[in-house]
Amino acid sequence: MSQSYEELLSQVRGGRQVTADSRKAAPGCVFVAVRGATEDGTKYVPQAVKAGATAVVADESAPEELLACLKGTGVDLIRHRDTRFALSEMACAQAHTDELPMTIIGITGTNGKTTCAYLLERLFSSLGHKVGVMGTVSYRWPGHTQAAPLTTPDPISLHKNIAEMAKAGCDVCVMECSSHAIDEKRVQHVPFAGACFTNLTQDHLDYHKDMESYFRAKSHLFTDVPRADKAVATNADDVYGVRIAGLAKGCVTYGFGGCPAGVSPEQHLHGELLEQGTSGIRLRMTFRGKSWEFHSPLIGRFNADNLLTAQSMALALGVEPEKLSALAGFRGVPGRLERVLNRKGLHVFVDYAHTPDALVNVLQALRGAGFRRIVTVFGCGGNRDRLKRPLMGEAVARLSDTAVLTSDNPRFEDPEAIISDVLPGLKGAKELVVDPDRRSATAKACAMLGPDDCLLIAGKGHEDYQIVNGVKHHYSDQEVVRDILGADGE
């Protein structure tokens, strides 16, 4: 007779291994046959059983013929209404994540997640905590660093990483939560102590189809995770952020505008951008009658937003305002408006901006810094949201003096076809250069620069690869710039 799901879950908590990858199945393990958008894990049940799996968790609606291979094998079959939920719950049980003495903070939103994660890492480290981070750039904790294959990993890897952080002495974990990960229930059983919302602008509509679906996916982080008592911080300058405030009563809101309706002024962090330039920004904050200010070397209004996000999350978690000045010394994130020093002393920045809103933010930041001319090299990723391509072109045309359109990660698309999708948005460009070879386009852009100009190379940020026809080729914007202009100190 087959075991119940609850009995199986108890065994996993007691040490029985679980996997959703048939290639990692081992004798005695539980195989969860997850039904994804493009792949049905039920197809891999025979391989998992052959490798030694003695229990299979399958979707209630999985076809009987795909599970016929289990008859007479003695392998337990447990049907579940939602295999993604089951995998998440088992991953938590296997790693005992819900029992760890750790403050776990989740960050979601279209833009700013990575910078906010680094800011919170800097802040809590300054307060004497050991901090682990999982996000777009890397997964890291004391004694361990690895490049991040996904912003938010699969449930088994995610919970294993949190457990490894705890073993390394971490008492704080900061993680970026992508909309895909939330929608696919990868973070469903993470016991978040805090969650913050940065903003919501057009991105990933190839997956979510429309902005309302995109928002609903993000909102689950605040309404549909284990801890109902978690601290929440949300952006009151963003219409979707205000909606989050309506869902998470008692949260801390933040912004440069007024306190939103329905939120107590005592729960609102008000920011003022006092000055900005090539040396950074100066901010003043006010919360519950206390005011403080500091200068940050970060450039631009969007970084002012990021600094408010991190501070509001910290305040929601009980950090005192006088501790927040530790953020003043933070110098930035790899690939986020990263200045590339070079032998010619030219102003070159690399940024991960790959959405219309992110491009607007970074270009406005450079405009505000006072450069004479802005040259922008950019492209759009293949097999992703096509609707945003002309919008990205329009943003570059409006805020740059010269637009240099090239390839990003074409993946399985023809680079020329992607460029054709972008070009309608570039009709208003003051000057336009089109070159699908990213290195050649960068060289042309560098040749245009004068001492008071700046070059923005957008889209790839920290990435050190380019995906062409599904194959990763080594490519780093930073390395290419240093190769063209000479590394600083040469």
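The second largest pocket holds about 310 Å³ of space. Of the 15 residues lining that pocket, P297, R331, L337, E338 and R339 are the closest to its centre. Sorted by class, its lining has seven nonpolar, four polar and four charged residues. (Nonpolar takes in Ala, Val, Leu, Ile, Met, Phe, Trp, Tyr, Cys and Pro; charged is Asp, Glu, Lys and Arg; the others, Gly among them, are polar.)

A word on ground rules. This is a predicted model, where local features need pLDDT of at least 70 and side-chain atom pairs count only at pLDDT 80 or more, while totals for chains, interfaces and linings use all residues. Residues are numbered from 1 along each chain as its sequence is written, and side-chain values use heavy atoms, with hydrogens and water left out.

Searching the whole structure turns up three cavities of 30 Å³ or more, and the largest cavity comes to about 40 Å³. On a 1 Å grid over the protein atoms alone, a cavity is a set of points where a 1.4 Å probe fits but cannot get out, whereas a pocket is an open set with protein on both sides within 12 Å along at least five of seven lines; lining residues have an atom within 4 Å of a point. Grid points are joined across faces, edges and corners, and the volume is the space filled by probe spheres set on the points. Around the largest cavity sit T115, L298, F302, N303, G332, V333, R336 and L337.

One of those lining residues, N303, belongs to helix 11. Helices (H or I, at least four residues) and strands (E, at least two) are DSSP runs, numbered from the N terminus. Beyond its neighbours within four places in sequence, N303 is in contact (heavy atoms within 4.5 Å) with T115, I281 and L298.

Next, E463, in the loop between strand 21 (454–458) and strand 22 (465–468). Leaving out neighbours within four places in sequence, E463 is in contact with Y352, N409, Y475 and S476.

| Side chain | Partner | Distance |
|---|---|---|
| N303 | side chain of N306 | 3.2 Å |
| E463 | side chain of N409 | 3.2 Å |
| E463 | side chain of Y465 | 3.4 Å |

A polar contact is a pair of N or O atoms within 3.5 Å; within protein, one must be able to donate a hydrogen and the other to accept it, and residues adjacent in sequence count only if both atoms are side-chain atoms.

Is E463 buried or exposed? E463 is buried, as its relative accessible area is 10%, and N303 is buried too, at 6%. The cut-offs are under 20% relative accessible area for buried and over 50% for exposed, with partly exposed in between (1.4 Å probe, protein chains only).

Two other loop residues have positive phi without being glycine. R411, between strand 19 (402–405) and helix 14 (415–422), has phi near 55 degrees and counts as buried because its relative accessibility is 17%. N469, between strand 22 and strand 23 (471–474), has phi of about 55 degrees but counts as exposed because its relative accessibility is 55%.

Finally, helix 12 (residues 356–369): its buried residues pack against several elements, including helix 11 (301–316) and strand 21. After helix 12 comes G370, with a positive phi near 95 degrees.
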